[in-house]
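Dear colleague,

Please find below the structure that I am handing over to you. My notes on it follow directly after.

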Amino acid sequence: MPANALRDPCPDACPSQASVPQPENMPLTVDGGAVVVLPTYNEASNLEPLVTSILDTEAVDAVLVVDDNSPDGTGKIADRLARDRSDVLVVHRHAKLGLGTAYCAGFDAARQIGFDRMITMDADFSHNPGYLQAIVTMSERHELVIGSRYVAGAGTTDWSLVRRLISRTANLTAIHVLGMPTRDCTSGFRCYHRALLERIDYASIRSNGYSFLVDVLYRCVVAGSASIAEVPILFEGRRHDRSKISRAEILKGVATIARLRLIESPTRLRAMVAARAVPPAA
Ligand SMILES: Nc1nc2c(ncn2[C@@H]2O[C@H](COP(=O)(O)OP(=O)(O)OP(=O)(O)O)[C@@H](O)[C@H]2O)c(=O)[nH]1
Ligand SMILES: [Mg+2]
């Protein structure tokens, strides 16, 4: 394993604890900068060309892959990339623990290393690295920037009518039921400022998988009082390998919106997050 790869130190702990790399293993420290957090599960055909195109943009300083022991060997490819170049970092987790905790593991590692902007992207080319510069530039003025499919000049390609309907319905529900101020509440292409992540206590978010995206955005709005901007993107269908989204994930998304609306009222959430806010990394 290369020096800039970290192994999940306690595989039997709960997912959020298991994802925290041990500080003594830290491969490097930086004083700020932007890192792309790239969760991967079976993305062997996409990973190398994607990492290369991200770093070729020169819009970010590094890519941090969070691989969940992908059976197709994605983690080994990530290790090879990390051996070849110091701006590729890898967090290995022992099993498929879900997209939400993969983001958290990436945020934890990026904070400990010292980055101050964390950009999340899918590892299947749906989020075109060509938008990174616009997102990073916008992040100079906003604490959260969303690569948005639902603002003027944006859209989706290669999606079936059913997929478009599901995505649209999820977003309209989040906007009307939760009062979200953004047009795209489920996009995974985002740039978070580290200070915002530290204010919202992301590690305590209960939903995993795709509903994590709605949950974390709700916290940014309600508990983090974030300044948010949306940058138009054209979302493209995945290039290789298979989707990991399931019907169960879609149902969990509906349940998350209901829970946020009915149980986690803004006042309760603000108080809860203020009591548990993540201390800034040393
Ligand atoms: N580490 C980790 N990554 C995951 C997990 N589930 C999904 N991913 C990654 O999360 C990203 C989004 O997953 P996709 O399967 O592309 O889901 P999607 O974009 O909603 O669906 P498609 O549009 O059909 O591709 C990809 O980079 C996946 O490899 C997981 O449990 N662990
Ligand atoms: Mg995808």
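Which residues touch the most other members of the largest nonpolar core? In this predicted model, they are Val35, Val36, Val37, Val63 and Leu64, within a core of 75 residues. In soluble globular proteins, nonpolar side chains tend to be buried together.

Overall composition

The protein chain contains 10 helices and 10 strands. Of its 282 residues, 46% are buried. Among contacts with a separation of 6 or more, 84% are between residues 24 or more positions apart.

The sheet

Eight of the strands make up an open sheet with mixed pairing, and their order is β1-β4-β3-β2-β5-β8-β6-β9. At its edges lie β1 (5-7) and β9 (228-232), each of which pairs on one side only. From one strand to the next, the twist averages 20°. Helix α2 (residues 44-56) packs on this sheet and touches β2, β3 and β4; the direction of α2 makes about 155° with that of β3.

Strand β2 and its neighbours

Strand β2 spans residues 34-40. Six of the seven residues of β2 are buried, so this strand is largely enclosed by the rest of the structure. To one partner, β3, it is joined by six bridges in a parallel arrangement, with Val36 opposite Val63. To another, strand β5 (residues 117-120), it is paired in the parallel sense over four bridges, and here Val35 stands opposite Met118. Strand β3 also pairs with β4 (residues 88-92), again in the parallel sense, over five bridges; the bridge partner of Val63 in β4 is Val88.

Val37 deserves a separate entry. Leaving aside residues up to four places away in sequence, Val37 touches Leu64, Val66, Tyr103, Gly106, Phe107, Ala110, Met118, Ile119 and Thr120.

Is strand β6 (residues 144-148) largely enclosed or exposed? Five of its five residues are buried, so β6 is largely enclosed by the rest of the structure. In a regular strand the side chains alternate between the two faces of the sheet. In β6, Leu144, Ile146 and Ser148 point one way and Val145 and Gly147 the other, and all are buried. Strand β6 pairs with β8 (residues 190-193) in the antiparallel sense over three bridges, where Ile146 stands opposite Arg190. With β9, the pairing of β6 is parallel and covers five bridges; Leu144 stands opposite Ile228 there.

Glu140 lies in the loop between α5 (132-138) and β6. Because Glu140 has 8 C-beta neighbours inside 10 Å, and 12 or fewer is the cut-off, this residue counts as exposed. The C-alpha atom of Glu140 is separated by 9.8 Å from that of Arg117, which is 23 residues away along the chain.

The ligand

Ligand 1 is surrounded by 20 residues, of which Pro39, Ala102, Ala123, Ser243 and Lys244 are the closest. At least two residues of this shell come from each of β2 (34-40), β3 (62-67) and α4 (99-113). Sorted by class, the shell has eight nonpolar, eight charged and four polar residues. Strand β2 is thus a topic in both parts of these notes: six of its seven residues are buried, and β2 supplies at least two residues of the shell around ligand 1.

With kind regards

Technical notes
Residues are numbered from 1 along each chain as its sequence is written. Chains are lettered from A and ligands numbered from 1 in the order in which they are written. This is a predicted model: local features need pLDDT of at least 70, side-chain atom pairs count only at pLDDT 80 or more; totals for chains, interfaces and linings use all residues. A residue is near a molecule or strand if its C-beta atom, placed from the backbone, lies within 6 Å of it. Ala, Val, Leu, Ile, Met, Phe, Trp, Tyr, Cys and Pro count as nonpolar, Asp, Glu, Lys and Arg as charged, and the others, Gly among them, as polar. Two strands pair if DSSP finds at least two bridges between them. Axes are lines fitted to C-alpha atoms, for helices over the stretch in contact, and angles run from 0 to 180 degrees between N-to-C directions. Two residues are in contact if their C-beta atoms, placed from the backbone, lie within 7 Å. A nonpolar core is a set of buried Ala, Val, Leu, Ile, Met, Phe, Trp, Tyr and Cys residues joined through C-beta atoms within 7 Å. A residue is buried if 20 or more other C-beta atoms lie within 10 Å of its own, exposed if 12 or fewer, and partly exposed in between; C-beta atoms are placed from the backbone.
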